[in-house]
Amino acid sequence: MDGPAAPTCAGVILGLTWSTLTAGTIGANIGAGLATIFFLPFAACMLILAALAGVAIHKRRARRPVPTGPSPAAGPAAATPGPSTP
């Protein structure tokens with residue numbers, strides 16, 4: 001996953017885990033233990049991978065060379081100078 005999907009899914013997992021941890025029913029302690037063991041590390045891995053992807057994207061964009069010639073939006077006439085007219 002990349003973009004906002006990974007942090008969003010991690011937030012959903014953390015919210016569901018929190019609701020399991022604070023449940024006041026019989027057997028909630030078993031669900032809280034399982035949620036802590038399985039879901040929290042999964043959410044942490046998703047957030048770490050999203051952060052690493054963001055750093056990689058930032059570095060890739062920072063390495064991109066800055067164009068020094070005429071803008072491509074100027075059209076082909078601006079790229080090749082023609083003969084001068086008196």
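The chain has a mean pLDDT (the predictor's confidence in each residue, from 0 to 100) of 77, with 73% of its residues at 70 or more. The model is predicted: local features need pLDDT of at least 70 and side-chain atom pairs count only at pLDDT 80 or more, while totals for chains, interfaces and linings use all residues. Residues are numbered from 1 along each chain as its sequence is written, and side-chain values use heavy atoms, with hydrogens and water left out.

**Fold and confidence**

- The chain contains three helices and zero strands, where helices (H or I, at least four residues) and strands (E, at least two) are DSSP runs numbered from the N terminus.
- Along the sequence, the pattern reads α-α-α.
- Confidence is highest in helix 2, at a mean of 85, and lowest in helix 3 (residues 76-79), at 55.

**Exposure**

- Of the 86 residues, 10% are buried; buried means under 20% relative accessible area, exposed over 50%, and partly exposed in between (1.4 Å probe, protein chains only).

**Surface patches**

- A nonpolar surface patch is formed by Ile30, Leu34, Ile37, Phe38 and Phe39, with about 550 Å² of accessible area together.
- A surface patch of positive charge gathers Lys59, Arg60, Arg61, Arg63 and Arg64; Lys and Arg count as positive and Asp and Glu as negative, with His and the chain ends not counted, and each charge is placed at NZ of Lys, CZ of Arg, CG of Asp or CD of Glu.
- Arg61 lies in helix 2 and counts as exposed because its relative accessibility is 58%.

**Contacts across the sequence**

- Cys9, in helix 1 (residues 5-21), is partly exposed, with a relative accessible area of 30%.
- Leu47, in helix 2, is also partly exposed, at 37%.
- The C-alpha atoms of Cys9 and Leu47 are separated by 9.3 Å, although the residues are 38 apart along the chain.
- Leu47 and Gly11 are 36 residues apart in sequence, and their C-alpha atoms are 9.3 Å apart in space.

Conventions
Patches are made of residues with over 30% relative accessible area and no salt bridge: like charges are joined within 9 Å, nonpolar side chains (Val, Leu, Ile, Met, Phe, Trp, Tyr) within 5 Å. Accessible areas come from the Shrake-Rupley method with a 1.4 Å probe; for residues, only the protein chains shown count as cover. A salt bridge is a side-chain nitrogen of Lys or Arg within 4 Å of a carboxyl oxygen of Asp or Glu.
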